[in-house]
Amino acid sequence: MIFDDIFKHKTPIYEKLLDFGFIFKNDQYMYHKKIVDNQFELHVSVFPDGKIQTKVFDLDTGEEYRLHLIEGVSGEFVGKVRTDCLEILHSISNQCFKTKIFKTEYANKIINYAKEKYHSDLEYLWENFPEYAVLRRKDNQKWYAVLMIVEKNKLGLSGNEKIEIIDLREEPQEIMNLVDRKRFFGGYHMNKKSWITLVLDGSIDLQDIYDHINVSYLLAGKKK
């Protein structure tokens with residue numbers, strides 16, 4: 001549907017929904033806003049599982065209006081309904097939701113570790129690559145980690161299913177010692193002499209990954 005991409009890879013922050021003006025009722029968060037010069041009302045519902053539902057009602061008839069959802073329908077009035085809806089939904093998405101691309105337990109523990117230890121938040125820098133994100137030092141803005149979702153065959157593994165990986169800085173000699181093309185790889189899309197890729201499928205102990213993150217953070221702080 002037309003509005004699906006607004007909340008793609010997004011998860012709600014429920015306290016911010018309340019700050020925005022949502023009310024919690026009947027096991028859902030609800031928000032109503034008049035649009036198109038008060039002729040219509042947009043209803044937005046956010047459910048406990050994170051699903052979002054939107055409806056527009058004609059305030060004169062009380063009936064649901066759906067023409068704005070049909071991509072082939074155009075015209076000034078329908079365009080105004082869409083524009084008003086998009087403006088409100090983008091505001092809700094930006095103010096009350098956070099991006100959540102990475103799903104595995106490992107990836108989310110790593111994200112939390114970087115947040116707690118280095119006060120780093122994921123940055124999604126590439127519109128064309130929404131499944132890539134970086135972590136960087138705050139003092140010199142250098143990256144020390146890149147999290148990605150890639151197809152296994154991109155690493156030389158069999159199969160085309162997607163896996164989560166992390167690129168980290170590492171000493172060249174250590175890279176040579178670690179790379180086994182099963183769990184550790186030369187840096188994917190990075191300089192393979194100074195970056196290493198770790199798969200986040202549970203095959204590497206989590207504490208070992210934390211240790212590699214710490215090394216990468218230090219290396220990103222070194223002056224050349």
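In the predicted model, helix α3 (residues 105–118) packs against helix α5 (residues 206–221) at an angle of about 45 degrees, with the two axes 11 Å apart; axes are lines fitted to C-alpha atoms over the stretch in contact, with angles running from 0 to 180 degrees between N-to-C directions, and helices are DSSP runs (H or I) of at least four residues, strands (E) of at least two, numbered from the N terminus. The two helices α3 and α5 are therefore oblique to each other, a class left over once angles under 35 (roughly parallel), over 145 (roughly antiparallel) and 65 to 115 degrees (roughly perpendicular) are set aside. In this contact (heavy atoms within 4.5 Å), Tyr106, Lys109, Ile110, Tyr113, Lys117 and Tyr118 of α3 meet Leu206, Ile209, Tyr210, Ile213, Asn214 and Tyr217 of α5.

Residues are numbered from 1 along each chain as its sequence is written. Because the model is predicted, local features need pLDDT of at least 70 and side-chain atom pairs count only at pLDDT 80 or more, whereas totals for chains, interfaces and linings use all residues, and side-chain values use heavy atoms, without hydrogens and water.

Eleven salt bridges were found in the whole structure, each a side-chain nitrogen of Lys or Arg within 4 Å of a carboxyl oxygen of Asp or Glu. One of them joins Lys109 to Glu105, with the closest N and O atoms 2.9 Å apart, and both residues lie in α3, four residues apart, about one turn of the helix. Lys109 is partly exposed at 36% relative accessible area, whereas Glu105 is exposed at 54% (buried is under 20%, exposed over 50%, partly exposed in between, with a 1.4 Å probe and protein chains only). Another salt bridge pairs Lys162 with Glu131 at 3.2 Å, N to O.
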